[in-house]
Amino acid sequence: MTYVTVLSLLLAIIAGQTAALPPPFPRPGTTALLENDIVAVWDVSWLKQKYPLHTHRYDLIGISYVEGDRIITQGEAPGRLVNTKPWVFQTNRANVTHVEEGASDPPMRAVLIEVKPPAPRPASEEPADGLRKVLGAPAWDTNNRAAAWVIMGGASGAAHRHVGDAVELIFDPSAAPKAAFVKAGTTHSGPTPVEGGRAYIFELK
């Protein structure tokens, strides 16, 4: 058996093991908010337990909304304790394999969006009524899968047109987060969060 053959067999075994690992969601502490062919949106709590080794099937974006700690272990490296404040943007990449464990009471909470298309859409020119023209520069634009705008409670997003598909997340201090999917090409206004709340518009690239 040649070296190349042995290497090929080892790579096939590793690939098979990775494919057999579960996805990150659903799991204890998560609630599905919406799902279609483009996205799956999850309200996630990191409970004080060690979750199974898992592989992210899709690129991931989102926002934390309750401060908390978690332990993340990847590969042979020691687990690292990560503290996350509220209203911090979250990202992860497809094919990342790791273990997570909640490490605080109350647990960290975030709304996370799995982006199912494997690559960004082709770039297009921003129309005069696009989000960047109407609402200005995004609050977050350091990722190749989405840009995000924030609307504080008591305000409303002016009428705008979506260049790409979008997810609107609405946070109300007295209720669970809500998510809505907006198809590319839609023209509308909002969202309008309540006083003390906030909303995020994630437009996919």
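Buried residues have under 20% relative accessible area, exposed ones over 50%, and partly exposed ones fall in between (1.4 Å probe, protein chains only). This is a predicted model, in which local features need pLDDT of at least 70, side-chain atom pairs count only at pLDDT 80 or more, and totals for chains, interfaces and linings use all residues. Residues are numbered from 1 along each chain as its sequence is written, and side-chain values use heavy atoms, leaving out hydrogens and water.

**Overall build**

- The protein holds two helices and 15 strands. These are DSSP runs numbered from the N terminus: helices are H or I with at least four residues, strands are E with at least two.
- The C-alpha trace spans about 65 × 45 × 25 Å along its principal axes.
- Of the 205 residues, 40% count as buried.
- Contact means heavy atoms within 4.5 Å. Among contacts between residues at least 6 apart in sequence, 72% join residues at least 24 apart.

**Surface and charge**

**Aromatic pairs**

- A pair of aromatic rings is described by the distance of the centres and the angle of the planes.
- Rings of Phe, Tyr and Trp (its six-membered ring) pair if their centres lie within 6.5 Å; planes under 30 degrees apart are stacked, over 60 edge-to-face, and the rest tilted. The count by this rule is 10 aromatic pairs.
- Phe-89 and Trp-140 are stacked, at 5.1 Å centre to centre with 10 degrees between the planes. This pair links distant parts of the chain, 51 residues apart: Phe-89 is in strand 7 (residues 89-92), and Trp-140 is in the loop between helix 2 (131-134) and strand 10 (146-152).
- Phe-89 is partly exposed at 21% relative accessible area, whereas Trp-140 is buried at 9%.
- Trp-140 also pairs with Phe-202: the ring centres are 6.1 Å apart and the planes stand at 65 degrees, so this pair is edge-to-face. Phe-202 lies in strand 15 (residues 198-204), so the pair ties together parts 62 residues apart in sequence.
- Phe-202 is buried, with a relative accessible area of 0%.
- One aromatic cluster is formed by Tyr-65, Trp-87, Phe-89, Trp-140, Phe-171, Tyr-200 and Phe-202.

**Charges over rings**

- A charge sits over a ring if NZ of Lys or CZ of Arg is within 6 Å of the ring centre and within 35 degrees of the ring normal.
- Arg-198 places its charged end over the ring of Trp-87, 4.2 Å from the centre. Trp-87 belongs to the aromatic cluster.
- Arg-70 lies over the face of Trp-46, 4.9 Å from the ring centre.

**Two strand residues**

- Asn-83 is in strand 6 (residues 80-84) and is partly exposed, at 40% relative accessibility. Leaving aside neighbours within four places in sequence, Asn-83 is in contact with Glu-67, Gly-68 and Asp-69. The C-alpha atoms of Asn-83 and Val-96 are separated by 20 Å, with the residues 13 apart along the chain.
- Thr-55 is in strand 3 (residues 54-55) and is buried, at 3% relative accessibility. Thr-55 and Pro-22 are 33 residues apart in sequence and 6.4 Å apart in space, C-alpha to C-alpha.
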